[in-house]
Amino acid sequence: MSDGLFRRASIGRKLMLIGQLTTGFAVLAVSIALIIGGVLDWRSRTVSDLETYATMIGANAAPAVMFDDRKAAADTLSALAAKRSVTYAAIADKAGRTFAEYRAPGEAAPDVTTRLDPYHFMMSSVAVSRPIVFKGERFGTIVVQSDLRDVFGDLARNLTLIVVAALIAFAAATALFRRLQGSIVAPITGLARTMQTVSTTQTYSARVPVHSRDEVGILSQEFNGMLEHIERRDAELAQHRERLEKEVERRTAELSASHAQLQRYSGQIDLLSRMGATLQTCLAQDEVAAVVGPHLVRLLPEWSGALYLLKNSRNLLEAADMWGRQRSAQTVFAPNDCWALRRGLVHVAAEALAAPRCPHADTGAISHVCVPLMAQGEVLGTLYLHNSGPMLEQADQGLLSRVAGEVAQALASLRYREALRNMAIRDPLTGLFNRRYLEEYLEMEIARTHRKGAKLSVVMIDIDHFKRFNDTFGHEAGDAILREIGQFLLRQTRTGDAACRYGGEEFIVAMWEATPDAALERAETLREEVKLVRVQAGGKLLPPITMSLGIAAFPDHATLADDLVRAADRALYKAKFSGRDRVCVAGSE
Amino acid sequence: MSLAVSRTLRFAAAATLLLAAVAETGAAPLSEYEVKAAFIYNFAKLVEWPAGAIAPGAPFRLCLLGEDPFGPARDVFNGRAVDGHAIEVRQAAASAELKGCQIVFVPASQARGLRAVLDSLRDSPVLTVGDFDGFAQQGVIVNFYRAGENVRFEVNVDAAKRAHLVVSSRLLNLAKIVHDAEARP
């Protein structure tokens with residue numbers, strides 16, 4: 001059997017083979033030993049038998065040889081006839097000459113010589129030669145040849161017995177091995193099969209049955225232990241992997257969320273900066289309001305809202321713009337109705353929060369946010385957002401704060417710009433336009449009026465006996481009168497008209513698209529109404545004030561602004577001259 | 001020649017090297033007296049002398065009465081011994097000289113004085129060996145005779161008994177047994 005073949009054979013076959021080989025060799029060795037022993041024994045016995053015969057016959061024949069008695073010697077030899085196996089015997093004298101012979105009946109020529117070793121084996125016979133000695137002296141040699149065929153028969157029988165015994169022993173050993181081998185191989189086969197199952201199907205839950213406490217048993221047990229270990233580790237691994245997958249999923253979601261968030265932020269920041277840039281260029285509050293709404297719709301699409309601005313009166317907030325799907329019903333509310341304005345902080349009201357809802361908030365809104373619009377500590381208005389969904393996110397709150405900041409900044413700068421402008425064109429004491437503004441106004445309005453073919457009237461006013469007020473009640477009283485008249489004139493003028501302090505106690509009210517008659521009518525009203533104005537100074541009520549008024553109209557009395565004012569001045573002079581507290585129209589003298 | 005080869009050769013030759021073939025290639029046949037000398041020597045081996053017949057250290061004496069018929073055949077005895085006693089061949093002219101001999105050879109020429117010789121040796125442990133027909137009957141213990149070409153011998157058991165010698169049965173087996181003539185009426 002070649003080494004490769006042996007190696008490929010199963011353990012059972014190997015064990016079987018080992019057993020068979022071992023037993024075979026043992027049986028063979030024993031058989032050979034028995035045979036060799038038998039043969040040796042048989043040889044020594046045969047030789048010793050023959051030697052005995054030869055010695056006996058030799059001793060008996062010795063005298064015959066001594067006395068050269070061939071007949072007697074032959075007679076002695078013939079005694080060997082009793083021994084059937086002896087086929088030939090001979091006696092030689094000292095010189096080696098044949099002295100006497102014996103031949104078994106029917107035997108062919110002898111094949112021995114007296115010059116042999118003490119014994120000599122041939123094909124089918126053995127010859128023994130013994131010296132014939134008498135009293136220490138050698139007289140000749142006797143040779144006895146024996147046929148071995150009978151002995152061979154015995155030998156063959158013995159051999160057959162040995163072979164049969166050996167075969168029986170071998171067969172018995174093989175059968176025994178086959179039985180014993182099962183007890184060794186079956187667990188190994190079981191182990192191998194389980195291992196195969198495990199390795200092909202990856203089912204680590206399999207277990208090898210443990211039958212014995214021998215090495216295979218230990219192997220099986222250890223294998224089971226290993227499987228358990230693997231199984232446990234697999235489970236841990238699976239758990240770990242699951243955790244990892246979840247973690248990755250979570251992180252991915254976070255990442256994509258934050259990515260989306262980032263994108264949104266970047267969009268928002270973009271929008272915000274564009275809104276900021278746009279707001280910078282706004283020249284009026286309504287322009288600001290028009291910019292805020294569309295931007296907030298895009299920044300926070302889920303939210304509807306409104307921009308409420310505090311009126312100059314500071315007692316009301318008015319909606320400057322509204323946007324979104326759910327328009328707010330509130331257009332006007334008092335500052336106290338807004339928590340953000342009260343606290344000066346962003347106010348977030350939602351179902352989930354304990355914060356109170358602003359009274360001005362829409363009843364349909366589930367959550368709402370109010371951001372106060374403030375600049376230099378001054379309240380400008382409220383940015384209001386509401387939603388029927390969840391509350392505003394923290395990030396969006398920040399965004400909203402920034403929008404509010406931008407809006408407040410824009411509003412503040414508008415106001416600042418207006419204040420600056422006011423400082424240039426208004427009289428600080430009365431709040432009326434100053435003389436420079438009037439000149440610009442008249443230039444612009446005369447041109448416009450001229451294009452339209454309309455009329456423009458200028459009413460010049462002077463407080464009667466103002467010097468006397470000053471002298472009697474002090475300068476503070478004079479200032480108070482001037483302030484009150486300023487307010488009175490502001491109240492009485494239409495939008496588009498310009499009320500100015502022309503200088504000292506002189507005022508001009510420019511009335512656009514007003515005929516001289518209309519102007520006269522309104523001037524009369526002013527003259528009457530001013531008497532109702534009550535001015536207090538130093539805790540004392542001053543006497544009623546009267547005014548003198550002069551009217552000039554474009555293009556009736558003058559076509560240039562200067563001429564127009566001069567004409568009105570002349571008319572005023574006429575009114576003063578005519579006794580004060582009256583109205584005169586230019587060119588009517 | 002190595003042992004193995006010689007062994008092989010001997011095996012091969014075994015069937016052809018016949019005993020007879022070897023035997024036939026021997027030396028020339030022995031002379032009559034050579035045979036007789038050998039016989040006498042062999043007699044000495046097959047006959048037992050009474051104890052004390054030969055003094056320790058003394059030679060075994062073979063005495064030839066009268067003439068010496070052996071001649072060169074006497075060499076047969078050279079260097080030989082019987083029971084540890086070296087054989088000494090001595091010639092005796094008269095029976096008176098036979099004292100101290102263990103074997104006395106009586107040739108045919110002594111036939112006339114045989115009686116006297118035997119008488120002188122009466123009751124002595126001496127083996128007498130004769131070489132003439134009828135000697136045995138007359139009292140010689142062993143006597144040669146011819147049977148064809150072969151030398152044979154006869155033994156007078158009575159004479160042996162008288163001489164206190166014990167003759168081996170094996171010698172007797174080969175011998176013709178005779179008795180005293182006068183003892184048989």
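The following legends describe close-up views of a predicted model.

**View 1. A nonpolar patch on the surface of chain A.** Six side chains are shown here: A:Leu21, A:Phe25, A:Leu28, A:Ile32, A:Ile36 and A:Leu40 make up a nonpolar surface patch. Together, these residues have about 590 Å² of accessible area. One of them, A:Ile36, lies in helix H2 of chain A, which spans residues 11-66. The relative accessible area of A:Ile36 is 46%, and this residue is therefore classed as partly exposed, the class between buried, under 20%, and exposed, over 50%.

**View 2. The pairing of helices H5 and H6 in chain A.** Helix H5 of chain A covers residues 215-280, and helix H6 of chain A covers residues 285-299. Their axes come within 10 Å and cross at roughly 175°. Because angles over 145 degrees count as roughly antiparallel, H5(A) and H6(A) are described as roughly antiparallel to each other.

**View 3. Residues that meet between H5(A) and H6(A).** From H5(A), the residues involved are A:Gln268, A:Leu271, A:Leu272, A:Arg274, A:Met275, A:Thr278 and A:Leu279. They meet A:Val288, A:Val291, A:Val292, A:His295, A:Arg298 and A:Leu299 of H6(A).

**View 4. The fold and surface of chain B.** Chain B contains 6 helices and 10 strands. This chain has 185 residues, of which 42% count as buried. Among its contacts between residues at least 6 apart in sequence, 58% join residues at least 24 apart.

Note on methods. Residues numbered from 1 in each chain as written. Chains lettered and ligands numbered in written order. Predicted model: local features only at pLDDT ≥ 70, side-chain atom pairs only at ≥ 80, totals over all residues. Heavy atoms only, no water. Patch = residues over 30% accessible without salt bridge, like charges linked within 9 Å, V, L, I, M, F, W, Y side chains within 5 Å. Areas by Shrake-Rupley, 256 points an atom, 1.4 Å probe, with all protein chains shown as cover. Salt bridge = Lys/Arg side-chain N within 4 Å of Asp/Glu carboxyl O. Helix = DSSP H or I, 4+ residues; strand = E, 2+ residues; numbered from the N terminus. Buried < 20%, exposed > 50% of the residue type's maximum accessible area, 1.4 Å probe, protein only. Contact = heavy atoms within 4.5 Å. Axes fitted to C-alpha atoms, helices over the stretch in contact; angles between N-to-C directions. Parallel < 35°, antiparallel > 145°, perpendicular 65-115°, else oblique.
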